[in-house]
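Please look over the sequence and the model below before reading on.

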Amino acid sequence: MRETRITGKMPVSQQSIRMGFLNAYLLGGLALASVPIIIHILNRRRFMRLDWAPMKYLKLTIKQNRRRLRIEQLILLAMRVLVVMLIILAVSRPILSPSAMGSWLGGHGRTSRIIIIDDSVSMGYRNEGRSAFERARDAANQLITAIGTQDSVTVITSSAADAPLVKEANLEDPKKVTSAVSALGVSDTTSDWPSTFRAVDQVLASTTFPQKEIVVITDLRKSGWGPAVTETGNRWAGQNVGLKIVDVGIRETANLAMPAFELEDTVALPGPVNLKAQIRNNTRSTVTGAQALLTIGTETRPVLLPDLAPNQTTDVPITINPNKPGQIPLRLGMNNDAMPGDDGRWLCLTVRPTIEVSMVDGEPSAQPFESETDFLGLSFSVGTEPWHLKRNTDVEWNGSRLGPTDVTVLANVASLTPERVAELERQVSEGMGLIIFCGDLMDLGSYNQRLFRNGEGLLPAKLDGVNEAAVTGIVVEAAQQSPIEPLSKLAPAALARIRLSKFMGVTVPGNVKEARVLARWNNSEASPAVIEKRFGRGRVILVTVTADKAWSDWPVDPTYVLAMRSAAMAIAKGASQQDNILAGQPIQVTLDEGASAMEQQVKLPSGESATAELIKPADKSPQVIRFTRTRNAGAYEVSWKDAKGQAQSRLVCVSPDKAESDLTAIPEGELQGMLGALHPPIVHYSGEASLAQRGKEIWRTLAMGLLCLALGETVFAVWVGRER
Amino acid sequence: MAESSPYLRPEILAQIVKLGLRAQRVVEGTISGLHRSPLHGVSVEFADYREYTPGDDLKRLDWRAYARSNRHFIKQYEEESNLRCTILMDASASMRYGRKEMTKFEYGATLAASLAFVCVKQRDAVGLALFDREERTWLRPAATQSQLTKIIDALEKAKPERETDTGAVMLRVCDQIKSRGVVIIISDLLCDLDAFYAALGRFQYSGHEVMIMQILDSDEIELPFQDSVLFKDIEGAEELFAEPWAFRKAYKQAMENFIDEVKQRCQFAGIDHILLRTDENLGLGLSHYLHQRQRGDHGKRGGKIGNFRG
């Protein structure tokens, strides 16, 4: 016997008990309940005919006992009919379900019903040949079939909550809606219930009837739920919006996943490019001899995977060798396991021809090596890396718009306007690298006010003032993924010879987690020499000496070249975040400043084409091509025509969110707590039987009743049959 | 003919013939002897001797026979019996019932024939009235052998198939009986009892000694059926479906009340009431009764039956 767990509180008005049957086909046997009646009738036909003389006394007796006899006969007959009915009912395995769908959908006046189907990656988890999403479709179709024509129904998928599959439909022909639901497939998106509920809020606002009921069909994975739903839950409770949850998931979490597939180098240039894939084994057995397939454009090659113990994660290094700049779609996929959705990932590799470095010189000079950035430029000019340098004076730089660049270097720039600071913050947050050299010309107050902003700004540390104490040597801190990590591999003597006459005294705030000291001056205070701060996707490096020889002889030391090149390479803007997104996120292609687009199209992984939206900001910001239907992983090709009518295109790769690989279920108590005052009932549905039949089987109770009734019938029959 | 009738059974007759039927009251006969008579009639034709019994008129003693045999014999003459016995035999359809050896009518007819035989044997006049809702046969009392034959013949020819109206018939028969005598009513008494009691009162008033032989089948008393039964009124068209076990006790009580009521009324009026069941040995029951009469256990005069207040 299977007992369905139902949790949560229900409004009293919804607690009508409904009955269903697991073996409903046996209910036809209820016709057998007529057997006692037939036997009774047949018995009345089997009688002895007798010519009787003392009719007077017979009639007198019968008249006196007729009422009693009739009642006794009826009771006995009813008991016998009931015995047969109880037998049939018991073998039909009835289920009482106070929260079955039937009662959920029972008449409480006309109701606007919203069914939310979770179509996130984890819903693709298969068990016993069926995925949770297939069970969700079944459950949704059962609900739709059960909803009466008096109500309206809206069907929403979690991957596109703002675009309902069916909106406010009256179900005179439920097949139209059920066929639409049946055609749904699981997406590669992650569930994000707070945002889904916000989208449902908008749907609720446009519904017709005052009664509103929401049913969420999900696998109840922890991923996607968060405290942000509490506010919505409390509000819905206050608005008398009903919420019910159908759990179609199983508690199995065995899964082999690929949480990451990314560029290991900061920037991909023609030549060897290092990639890194991450494999996570969440199964109970060691994965041995597995391999993945790497698809580079149209070519495919196998990648051997290392043996992986249970609950272990490993990085798999992969090197490819693109020979020309451009965008290359890469896909690394493993053999499908129980959850195919996270067995592979896409990567749009943008092979750059050069690395753009924009140097802003705060103290330009016509004399060789007298400018603030001369030594810096020299550092980038040597070697094989294709650096593309662009020098501006601070005056020129402040007077022009910021163009796209990979690294910006501010060298002894006196001050920045608030607008320029805002632009820098935007670009750094999008991935650009920023290196700030100190100098005598710097307006410290302006820097601290606009760039440091009490730790909120770009500047990693507060500038205290110029410290004129002479120091010899620099000490590199042991920091992971340090942009100046190559310095730590040098002999300490090589760094000990650096002499400086001044340095900028700074205070690194302890409450700013993103800031860290990468190197310190070799003085008693261990004053910070190089400080890093992550800002958005970008990184900022503050060097507390000048970029030229004004404060130190470091620029003429070979270690300076090594430090600057490695730092610039490390923080240079890598692949555009717009090129690799997660399923469900919108594709956004930002056009060049002043450029416009027309006939913008998106070619989907399925081969279909769709029109993309062109966003034209009111200010002078670049136009953006936007496309939101990214529920499936794959390579999306955005194409448009520029102002000259020339065709342009951009590749964007969409991958599933690694958060979906975490199959931990959310405890029901925790979920109930998150949903605040709603207290939704939760029905667990495994697809074995009708959703409306979920509940408690009562055949044991019926069997007990049957036993008692049979006993009672026997006793009563003996009592009735006694001589009277 | 009489000897070969199924209603004359030797084993029964053997048990009762020596007991005889004695009137307990004064009956209007012409000779003294067995029955006390208010009349002093004259003899007409010698019929037979019978042994002297104390109380016989010594004038009737045949001294010649005494001289020959040294025994005392009384001379008897035709038409001179003191006892005039009239048997009222119910021949209605209700008497037809009987699932076993004998129907009630057969049992009653056997009883009637046996009593008639006894009467004729003791040279008493016996008559028969066969009735249902009317008198179907009326034989005036006579003490001849041929009367017995007539009675048996009438009983054999009777077909109990009509409704009964015992009270009315008894009234008419009472009117036809001119002299006081013994009236034996053989019936199941499944009739209008009020009319029946009224008729009994008339018989009492006329000075008759009445004996009621109530004959019932054991089925009618016990209601022993185990199956469902469709009871059809034997004297009518009414039908009733019933499961007897459900009210057997109540029915038996009702029948018991009915019999008790008749018995009490008869007892009050000094009327003999004998309940005979068709499955009982008739000879035994009858001899037992006659024996009791001989001992004078019966025949106590009682009140008027109409005055009975149960």
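A residue is called buried if 20 or more other C-beta atoms lie within 10 Å of its own, exposed if 12 or fewer do, and partly exposed in between, with C-beta atoms placed from the backbone. This is a predicted model, in which local features need pLDDT of at least 70 and side-chain atom pairs count only at pLDDT 80 or more, while totals for chains, interfaces and linings use all residues. Residues are numbered from 1 along each chain as its sequence is written, and chains are lettered from A and ligands numbered from 1 in the order in which they are written.

Q: Is A:A526 buried or exposed?
A: A:A526 is found in the chain A loop between β28 (515-521) and β29 (528-535), where helices (H or I, at least four residues) and strands (E, at least two) are DSSP runs numbered from the N terminus. A:A526 is not a glycine, yet has a positive phi of about 50°. Because A:A526 has 12 C-beta neighbours inside 10 Å, it counts as exposed.

Q: Is A:N412 buried or exposed?
A: A:N412, which is not a glycine, has a positive phi of about 50°. The loop that holds A:N412 runs between β21 (407-411) and α10 (418-429) of chain A. Since there are 24 C-beta neighbours inside 10 Å, A:N412 counts as buried.

Q: Which element gives the most to the side of chain B that touches chain A?
A: Two residues are in contact if their C-beta atoms, placed from the backbone, lie within 7 Å, and here the contact takes 28 residues from chain B and 24 residues from chain A. On the chain B side, the elements that give two or more residues are β8 (229-233), β9 (239-242) and α8 (248-269). With seven residues, the element that gives the most is α8(B).

Q: What is the bridge partner of A:R49 in β8(B)?
A: Two strands pair if DSSP finds at least two bridges between them. Strand β3 (residues 48-52) of chain A pairs with β8(B) in the parallel sense over five bridges. In β8(B), the residue bridged to A:R49 is B:L230.
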